[in-house]
Amino acid sequence: MIRSTRRLSRLARLKRLGMAPLHWCRLCWDVLGGRYRPVPWRALGLGALALGYLLLPFDLVPDFVLALGLIDDLVIVGWLMARIEPELGAYRRWRHEAAARRGGDEP
């Protein structure tokens, strides 16, 4: 029983981490639009660093080394997204509360 709940919490954390890039993009959109005022500079900077790491050709392990190059990207970007997860949690709560005030679903 305890093992299954621990596994569930791991799966929930993995899902939340997998959704972090989407929430980071929404965070940027709301900050730029002036809707989200407590600007999380650390989250914006680390997210931009993760995006730059994915897009720029400079990696620790080059992408043409098939498996290791992709694993390298996943590990670095995953680590950076995990660092901004607490600030994304506050943003997700704000977004949920804003949707509840409007009386509709999340945009």
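This section describes the helices, aromatic pairs, cysteines and surface patch of a predicted model. Residues are numbered from 1 along each chain as its sequence is written, and side-chain values use heavy atoms, with hydrogens and water left out. Because the model is predicted, local features need pLDDT of at least 70 and side-chain atom pairs count only at pLDDT 80 or more, whereas totals for chains, interfaces and linings use all residues.

Helix H1 spans residues 2-32 and includes His 23; helices here are DSSP runs (H or I, at least four residues), numbered from the N terminus. His 23 has a relative accessibility of 11% and therefore counts as buried. In this classification, buried means under 20% relative accessible area, exposed over 50%, and partly exposed in between (1.4 Å probe, protein chains only). Leaving aside residues up to four places away in sequence, His 23 touches Leu 88, Tyr 91 and Arg 92, where contact means heavy atoms within 4.5 Å.

Tyr 91 also takes part in ring pairing. Rings of Phe, Tyr and Trp (its six-membered ring) pair if their centres lie within 6.5 Å; planes under 30 degrees apart count as stacked, over 60 as edge-to-face and the rest as tilted. The count comes to 3 aromatic pairs. In one of them, the ring centres of Tyr 36 and Tyr 91 are 5.2 Å apart and the planes stand at 80 degrees, so the pair is edge-to-face. This pair links distant parts of the chain, with Tyr 36 in the loop between H1 and H2 and Tyr 91 in helix H3, 55 residues apart. Tyr 36 is buried, at 6% relative accessible area, and Tyr 91 is likewise buried, at 0%. Ring pairs join Tyr 36, Tyr 91 and Trp 94 into a cluster.

A disulfide is a covalent bond between the sulfur atoms of two cysteines. With the criterion of a pair of cysteine sulfur atoms within 2.5 Å, the count comes to 0 disulfides. The cysteine sulfur closest to that of Cys 25 belongs to Cys 28 and lies 6.4 Å away, too far for a bond. Cys 25 is partly exposed, with a relative accessible area of 45%, while Cys 28 is buried at 17%.

On the surface, Phe 64, Val 65, Leu 68, Ile 71 and Val 75 form a nonpolar patch with about 520 Å² of accessible area together. Phe 64 lies in the loop between helix H2 (41-55) and helix H3 (66-102), and Phe 64 is exposed, with a relative accessible area of 69%. Patches are made of residues with over 30% relative accessible area and no salt bridge, like charges being joined within 9 Å and nonpolar side chains (Val, Leu, Ile, Met, Phe, Trp, Tyr) within 5 Å. A salt bridge is a side-chain nitrogen of Lys or Arg within 4 Å of a carboxyl oxygen of Asp or Glu. Accessible areas come from the Shrake-Rupley method with a 1.4 Å probe; for residues, only the protein chains shown count as cover.

Notes. Helices (H or I, at least four residues) and strands (E, at least two) are DSSP runs, numbered from the N terminus.
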